[in-house]
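I opened the model today and kept notes as I went. The entries follow in the order of my looking.

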Amino acid sequence: MTRNIARKIAEEYKEKFRESRTRHERLIQYIPGGATRSLSYFKPFPIHISHGKGAHVYTHEGHKLLDVTNAYGALVHGHGDPDVVRAVQEGIEKGSQYSTPTDGQYRLAKLLCDRVPGFDRVRFLNSGTEATLFALRTARAYTGKDKILKMSGGFHGTHDCVAASTKKNVITAGIPTGMTRDMLEVPFNDGEAVEKAVRENASDLAAVIMEPFLGAGGVVLPREDYLQRVRQVTRDNGVLLIFDEIFSFRVDTGGCQNLYGVIPDLTTVGKVVGGGLPIGVFGGRKEIMDIFCHESTEKPLYHSGTFNGYETVMQAGFAAMSKFDGPAVASINKMGDLFQERLVHSFRANGLNIRSNQIGSILNLHFVNQDIFTAEQVLNSVEELHGLMHLSLLNRGVFTIPRGLFILSTVITEQEVLDLGDKIDETLKELLPLIEEKYNHLLL
Ligand SMILES: Cc1ncc(COP(=O)(O)O)c(C=O)c1O
């Protein structure tokens with residue numbers, strides 16, 4: 001019976017997305033796994049999208065799907081936002097990149113420094129991964145210390161230093177074992193653990209790097225006062241605090257640091273800040289960032305990159321961020337709250353003891369029967385149910401991130417949020433017999 005549920009969902013998916021399968025089979029001849037980003041792959045084969053418009057994407061089969069991935073959070077105004085498109089078109093006609101300082105860099109840098117409390121000065125690069133790499137290098141160069149402390153379940157991109165982990169569940173093949181020598185790790189949301197580690201390692205510890213809430217790690221929100229405790233202990237011990245706001249920035253015009261009123265020494269942002277084009281930004285207090293200043297420093301820290309401050313990206317980012325103002329953030333966050341309300345109601349109505357963690361426009365559903373405060377709890381979520389829910393939602397016309405992560409854009413309507421809630425409700429009903437048979441710890 002329950003095996004039939006899984007088979008039915010998979011068969012329907014295969015039937016509905018035949019063109020995607022054909023394209024997948026064509027692509028694997030040239031790209032291993034048929035995906036150039038590990039996360040884009042899922043079984044039995046990923047969907048292939050032909051184009052997007054507003055809150056929807058369209059597959060080659062002609063299916064219109066509500067897109068609640070929004071490019072893993074990089075799109076905040078949906079696909080083909082007219083202001084972003086105009087900025088790119090007008091910009092690129094004048095030339096895309098000059099390798100000089102530009103007005104676009106000035107405008108976007110000023111906007112970010114005006115809005116984000118932790119930014120006195122910023123520098124641009126091309127991805128979040130590069131941003132955290134340079135934030136760490138800056139912290140090490142400024143403090144003259146080598147060690148970095150990160151939180152279990154925190155995600156900071158794919159460069160060796162942050163991809164290396166002292167935890168067993170992270171695949172670290174290819175990363176030199178020496179990489180973890182200078183990395184310390186403590187559980188997220190454990191104030192005592194971070195205080196102890198910072199005090200004991202203060203003389204070698206350059207920085208604590210953390211997301212204000214675990215994003216990719218399951219949208220795990222900070223306990224009350226936790227961020228304040230980390231801020232206090234780092235400040236008291238001469239250790240820099242880096243907030244990686246590459247994902248969390250979208251919850252407020254000035255990022256999570258503005259929302260929680262906790263100001264780090266260095267900050268990284270990316271994703272939405274490029275208006276959907278590739279970007280990374282790191283910055284912080286003037287006296288730290290002056291390490292790059294050619295005018296006040298004899299030998300500034302070297303930071304280069306062919307595409308840094310790419311003018312078209314600056315223009316797209318400025319267009320997107322200009323309209324990501326107070327009312328826009330309030331409106332998108334209200335949609336997030338409505339979505340959360342609808343889901344909690346559905347869980348209860350279906351007799352399910354499961355959770356969804358939400359902040360602003362970001363929500364993660366977990367097949368876990370207790371409130372979630374740690375990355376370890378997220379790992380207990382039932383993978384089989386996530387996989388089936390993902391395919392079942394695709395069958396119903398909803399494109400989501402397989403691990404239950406939903407990210408809204410400013411163009412989603414209230415009705416679309418309610419319909420999304422209904423489709424998740426239908427999916428949970430479809431999965432209920434399986435849950436009753438195999439995962440009854442998730443029943444009320
Ligand atoms: C918090 C955080 N840091 C860093 C990154 C890496 O950014 P990118 O994928 O642009 O390299 C991500 C990406 O998801 C992220 O969520």
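**Entry 1: the ligand**

I began with Lys271, where a polar side-chain atom lies 2.9 Å from an oxygen atom of the ligand. I took a polar contact as a pair of N or O atoms within 3.5 Å; within protein, one must be able to donate a hydrogen and the other to accept it, and residues adjacent in sequence count only if both atoms are side-chain atoms. I then looked up how much of the ligand the protein covers: taken alone the ligand exposes 390 Å², and the protein buries 82% of that. Those areas come from the Shrake-Rupley method with a 1.4 Å probe, and for residues only the protein chains shown count as cover.

This is a predicted model, so I noted its limits: local features need pLDDT of at least 70, side-chain atom pairs count only at pLDDT 80 or more, and totals for chains, interfaces and linings use all residues. Residues are numbered from 1 along each chain as its sequence is written, and side-chain values use heavy atoms, with hydrogens and water left out.

Backbone atoms reach the ligand as well. A polar backbone atom of Gly128 is 2.8 Å from a ligand oxygen atom. For Thr129, a backbone N or O atom lies 2.8 Å from an oxygen atom of the ligand. I listed the surroundings, counting a residue as near if one of its heavy atoms lies within 4 Å. They include Ser127, Phe155, His156, Glu211, Asp244 and Lys271.

**Entry 2: strand S8**

Helices (H or I, at least four residues) and strands (E, at least two) are DSSP runs, numbered from the N terminus. Buried means under 20% relative accessible area, exposed over 50%, and partly exposed in between (1.4 Å probe, protein chains only).

I checked which way the side chains point. Leu240, Ile242 and Asp244 point one way, and Leu241 and Phe243 the other. In a regular strand the side chains alternate between the two faces of the sheet.

Which strands pair with S8? I counted a pair if DSSP finds at least two bridges. Strand S7 (residues 205–210) runs parallel to S8, with four bridges. Leu240 is the bridge partner of Ala207. From S7 the chain passes through helix H9 (residues 226–236) to S8, in a right-handed β-α-β crossover. Right-handed means that, with the strands pointing away from the viewer, the path from the first strand over the helix to the second runs clockwise.

Strand S9 (residues 266–270) is also parallel to S8, joined by three bridges. Asp244 stands opposite Thr268 there.

**Entry 3: helix H9**

I went back to H9. Its buried residues include Tyr226, Leu227, Val230 and Thr234. Among the elements that cover them are helix H8 (191–201), S7, S8 and H10. Gly238 follows H9 and has a positive phi, near 65°.

**Entry 4: His77**

His77 sits in the loop between helix H3 (70–73) and helix H4 (82–93). Is His77 buried or exposed? It counts as buried, at 5% relative accessibility. I looked up its partners. Its side chain reaches the backbone oxygen of Ala320 at 2.9 Å. A polar contact of 2.8 Å joins it to the side chain of Thr410. Using contact as heavy atoms within 4.5 Å, I also found His77 touching Lys323, Phe324, Ser409 and Val411.

**Entry 5: Lys286**

Lys286 belongs to helix H11 (residues 286–289). At 36% relative accessibility, Lys286 is partly exposed. The side chains of Lys286 and Asp290 make a polar contact of 2.7 Å. Beyond its neighbours within four places in sequence, Lys286 is in contact with Asp120 and Arg121.

Most residues other than glycine have a negative phi, and most peptide bonds are trans. I searched for exceptions. The peptide bond from Lys43 to Pro44 is cis, with omega near 5°. Tyr72 has a positive phi near 50°, lies in H3 and is buried at 13%. Val219 has a positive phi of about 55°. I found Val219 in the loop between S7 and H9, buried at 0% relative accessibility.
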